[in-house]
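Please look at the model shown below and follow its strands and its rings in turn. The report begins with the pairing of strands and then moves on to aromatic rings, charges and confidence.

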Amino acid sequence: MAEWKEPKTDYTAEAQVTPSIFNTLGENERYLKEKKITTEQVQDASITSTEYATRTNISGTEVLKVCIAKIRKWFADLKALAFKSTVGTSDIDNYAVTSSKLGTNSVTTAKINASAVTDAKISSVSASKVTGLHKVATSGDYNDLKNKPNLGGGSGTVVFSGNANYFDTDLGFVIKGGYRYAVELSDAVGEGIALGSGRDASLRVLIPGDCYAADHMTNINIICLTTGYDGTAVYHGGGSIYTEGDATIDGGGLDGDAGYIEINGQSCPAIKRVIELGKAY
């Protein structure tokens with residue numbers, strides 16, 4: 001391919017015509033006759049390129065088809081995100097943003113849009129994705145709680161079932177101090193908290209009976225259980241108070257005409273069941 005040689009412009013009238021002048025003129029004429037690429041042809045030219053193997057920056061001096069190849073690699077790796085004005089949650093891979101990739105204080109309250117965190121978005125986050133939770137947060141099991149309060153209620157544990165209706169009946173269970181118990185008679189039930197421990201453990205229960213306002217009737221049973229020689233609960237005795245009508249005790253005397261009062265300190269109402277309800281303190 002011919003190359004253009006710029007002719008001299010400093011010739012003088014005394015200068016001789018030399019062969020090199022004709023060589024220059026001939027070379028330039030050849031250059032002008034050769035086919036040249038116009039600006040319009042460059043703008044409309046098609047470039048065949050192959051996607052670059054790795055993401056690499058474009059150098060200061062680069063072959064055009066190599067530039068295109070490098071750009072294609074960046075677009076291919078960015079995928080659809082390269083052409084989106086906004087990025088949605090579905091566009092982000094599950095492991096694209098992790099705690100290890102976030103710098104300290106990179107997420108602050110000021111950087112979070114007011115509507116970026118909503119109840120609907122929080123409810124979709126499973127507990128398995130939140131660290132630092134105790135077992136109960138994922139199991140939902142009451143038994144996984146620590147320092148559980150005593151709420152009472154529940155089914156309890158039946159420690160005696162039968163018919164204990166006389167003094168010193170062995171009930172066959174160990175009284176636990178600080179535990180709540182329910183004592184059930186044939187027609188009433190009451191609760192109490194055991195005191196003491198070991199051979200000194202005992203249980204006293206106040207059991208309200210029938211109460212009928214029309215007849216001014218009240219009936220209260222008192223049950224006492226203690227620990228026997230075998231270390232188990234025994235029926236230590238009981239008593240009852242029964243009133244009916246307008247009977248009163250005043251100054252040690254009973255107004256019998258107004259009603260009826262009975263106080264029995266030696267009765268043993270038949271115990272049907274004793275239920276351990278749990279630790280009270």
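## Strands and their sheet

In this predicted model, strand S1 and strand S10, which covers residues 271-279, run antiparallel and are joined by five bridges. Within this pairing, Val-158 is found opposite Ile-275, a residue of S10.

The two strands belong to an open sheet of four strands, whose order is S1-S10-S2-S3 and whose pairing is antiparallel. At the edges of this sheet lie strand S1 (157-164) and strand S3 (189-193), each of which pairs on one side only. From one strand to the next, the twist averages 20 degrees. As background, strands of a sheet pair through backbone hydrogen bonds, and the pairing may be either parallel or antiparallel.

## Aromatic pairs

To describe a pair of aromatic rings, one gives the distance of the centres together with the angle of the planes. When ring centres within 6.5 Å are taken as a pair, the count comes to two aromatic pairs. In one of them, the rings of Phe-75 and Phe-83 have centres 5.4 Å apart and planes at 55 degrees, so this pair is tilted. Phe-75 is partly exposed, because its relative accessibility is 42%, while Phe-83, with a relative accessible area of 62%, is exposed.

The rings of Phe-173 and Tyr-181 also form a tilted pair, because their planes stand at 35 degrees, with the centres 5.9 Å apart; the tilted class lies between the stacked pairs, under 30 degrees, and the edge-to-face pairs, over 60. Are these two residues buried or exposed? Phe-173 is buried, with a relative accessible area of 6%, and Tyr-181 likewise counts as buried, at 0% relative accessibility.

## Charges over rings

Two further contacts bring a charged side chain together with an aromatic ring. The charged end of Arg-55 sits over the ring of Trp-74, at 5.4 Å from the centre of that ring. In the other contact, the ring of Tyr-179 has the charged end of Lys-176 over it, 5.1 Å from the ring centre.

## Confidence in the model

For the protein chain, the mean pLDDT is 80, and 80% of the residues reach 70 or more. Where in the chain is confidence lowest, and where is it highest? Confidence is lowest in strand S8 (residues 253-254), where the mean is 60, and highest in strand S2 (residues 179-184), at 93.

Technical notes
Residues are numbered from 1 along each chain as its sequence is written. Side-chain values use heavy atoms; hydrogens and water are left out. Rings of Phe, Tyr and Trp (its six-membered ring) pair if their centres lie within 6.5 Å; planes under 30 degrees apart count as stacked, over 60 as edge-to-face and the rest as tilted. Buried means under 20% relative accessible area, exposed over 50%, partly exposed in between (1.4 Å probe, protein chains only). A charge sits over a ring if NZ of Lys or CZ of Arg is within 6 Å of the ring centre and within 35 degrees of the ring normal. Two strands pair if DSSP finds at least two bridges between them. Axes are lines fitted to C-alpha atoms, for helices over the stretch in contact, and angles run from 0 to 180 degrees between N-to-C directions. pLDDT is the predictor's confidence in each residue, from 0 to 100.
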